[in-house]
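Notebook, opened to record what I looked up around the ligand and in the nonpolar cores.

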Amino acid sequence: MPGHAAPGVQFKEPPIFELGAPGRSGASLPELDVPPVDVDNALGAVRRSTPAALPEVSEPEAFRHYVRLSQWNYCIDTQFYPLGSCTMKFNPKVNEWAARLPGFAELHPLTPDHLAQGALDLMVRLQDILAEIVGMDGVSMQPAAGAQGELTGLMMIRAYHQSRGRSPKKVFIPDSAHGTNPASCALNGFDAVPFGAGDAGIVEPETLARALEEAGDDVAGLMITNPNTLGLYETAMPRLAELVHSRGGLVYGDGANMNAVLGRARPGDAGVDVMQFNLHKTFTTPHGGGGPGSGPVAFKKVLEPFQPTPVVRREGDRVRVYHDRESSVGRVRSFLGNFGMMIRAYTYIRELGPKGLRGVSDRAVLNANYLAAQLRGVLPQAFATPMLHEVVFSDRELESATGVKTLDIAKRLIDYGFHPPTVYFPLVVRGALMIEPTETETKQTIDEFVAAMKAIKKEAETDPEQLKKAPLLTRLRRLDEARAARKPRLRWRPADPE
Ligand SMILES: Cc1ncc(COP(=O)(O)O)c(C=O)c1O
């Protein structure tokens with residue numbers, strides 16, 4: 001029976017297609033009280049010749065299957081999830097309440113603008129608030145994730161250059177950048193030109209100046225994450241922006257890590273021309289990777305004509321939606337973006353207010369620094385530079401002394417009840433272990449995590465071979481992750497071999 005096995009025997013949950021029996025159903029519908037539709041006539045050639053092979057299960061079978069799967073997984077509502085660079089923080093339930101208010105949740109996306117003024121008003125308010133938080137002139141709520149925000153921002157940079165009769169190719173990106181940065185460049189037809197950060201883990205103006213010099217007239221821009229993916233603040237930002245602007249380029253700021261500087265620093269003031277927010281990383285909306293996300297783009301006035309359509313703007317006492325704008329890069333998502341996420345972010349921002357938002361970044365930084373201080377002597381930190389919201393350790397000393405690697409530590413943490421941190425990223429750090437506690441965790445939780453890390457270090461010194469088999473207490477043991485990544489089985493087939 002699914003979900004059951006002899007004691008000590010590992011079992012697998014079959015796909016739902018392998019549960020149930022022919023003819024079984026979980027629905028009980030009333031008798032048809034309207035004339036039946038002539039399906040052949042109504043559908044004609046598109047009618048299927050064989051019924052779809054859908055699962056035929058009872059309601060308890062379906063329910064238990066999904067609840068079992070959910071309980072065997074880690075989630076932010078049950079466990080500490082210190083995934084550096086992914087910011088898995090608690091999603092306050094009041095945000096969910098607001099997003100489910102019937103007036104919002106049941107609003108059809110094709111509702112005429114004059115009947116959707118409440119929702120549009122929320123959008124414009126959020127646009128204005130986000131612009132103020134980062135010191136920019138406008139915001140488009142269209143993109144559905146951070147990466148799509150990057151893509152959109154770079155489309156705007158390309159359109160800007162084209163409007164001036166130029167088509168420079170090179171976008172400079174520090175080598176600690178998130179992988180989505182070069183991907184967004186490539187998708188826009190730009191050449192992503194990587195360059196190294198200095199010994200302190202941040203970009204040195206002289207290095208960038210040299211790289212720009214070599215590119216001559218071909219500088220489209222700089223794409224830089226601040227705070228960067230090592231959790232470090234790019235202190236030379238205004239100078240870097242000056243250098244890029246003097247070459248005719250624009251500065252793209254990856255704002256995914258804004259939760260570290262809310263109310264403390266504004267990218268717009270430091271010379272950034274266009275940037276994206278990751279609402280899930282900064283404003284407690286559920287994480288985009290597993291579902292609908294939102295990655296609004298903020299821009300300076302010079303890029304305003306190129307923002308995606310539709311443009312939502314207040315005109316007097318009404319909010320209007322503009323679909324046709326001559327210089328726009330066009331539509332990047334259906335309808336007006338992911339509205340549910342906007343409600344959640346708006347609720348969070350209004351709940352906290354300016355002082356509360358500053359408190360968010362203060363606590364994010366305090367928690368990361370507290371955790372780093374507690375782990376001093378357990379693992380070496382990748383950089384001595386004071387960090388903000390996340391901390392990167394290396395396994396280099398532990399591996400040379402015991403053979404235990406970052407992956408082993410990560411797997412053993414699961415046995416201790418913690419989701420592993422981000423591992424082997426950024427690539428510039430050997431055996432990186434990147435931890436972001438976030439502002440929503442308590443000192444007690446961080447202390448428990450630190451205690452687990454210390455215990456694992458001791459295990460590495462006393463019984464490294466056992467540790468390399470971790471996880472030891474889970475339903476499934478160590479999985480073949482390389483095979484899963486290279487040969488993913490994403491589609492169920494009846495004859496699929498085990
Ligand atoms: C620095 C940085 N940039 C971009 C992204 C991409 O954001 P998303 O996952 O919403 O596409 C992430 C994701 O966490 C990130 O950490």
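Which residues does leucine 208 touch, not counting residues up to four places away in sequence? I find Phe172, Phe195, Val203, Leu222, Leu240, Leu243 and Val244, taking contact as heavy atoms within 4.5 Å.

I keep in mind that this is a predicted model, in which local features need pLDDT of at least 70 and side-chain atom pairs count only at pLDDT 80 or more, while totals for chains, interfaces and linings use all residues. Residues are numbered from 1 along each chain as its sequence is written, and side-chain values use heavy atoms, with hydrogens and water left out.

Of its 58 residues, Leu130, Phe172, Leu208, Leu222 and Phe283 touch the most other members. A second, separate core of 34 residues includes Ala372, Val391, Val392 and Ala452.

I then turned to the ligand, which 14 residues surround (a heavy atom within 4 Å), the closest being Ser85, Gly146, Ala147, Asp254 and Lys281. Among the polar contacts (pairs of N or O atoms within 3.5 Å), a polar side-chain atom of aspartate 254 lies 2.6 Å from a ligand nitrogen, and a polar backbone atom of glycine 146 is 2.8 Å from a ligand oxygen. For histidine 280, I noted 3.2 Å between a side-chain N or O atom and a ligand oxygen.

By class, I count 3 nonpolar, 8 polar and 3 charged residues in the shell around the ligand.

Technical notes. A polar contact is a pair of N or O atoms within 3.5 Å; within protein, one must be able to donate a hydrogen and the other to accept it, and residues adjacent in sequence count only if both atoms are side-chain atoms. Ala, Val, Leu, Ile, Met, Phe, Trp, Tyr, Cys and Pro count as nonpolar, Asp, Glu, Lys and Arg as charged, and the others, Gly among them, as polar. A nonpolar core is a set of buried Ala, Val, Leu, Ile, Met, Phe, Trp, Tyr and Cys residues joined through side-chain atoms within 4.5 Å. Buried means under 20% relative accessible area, exposed over 50%, partly exposed in between (1.4 Å probe, protein chains only).
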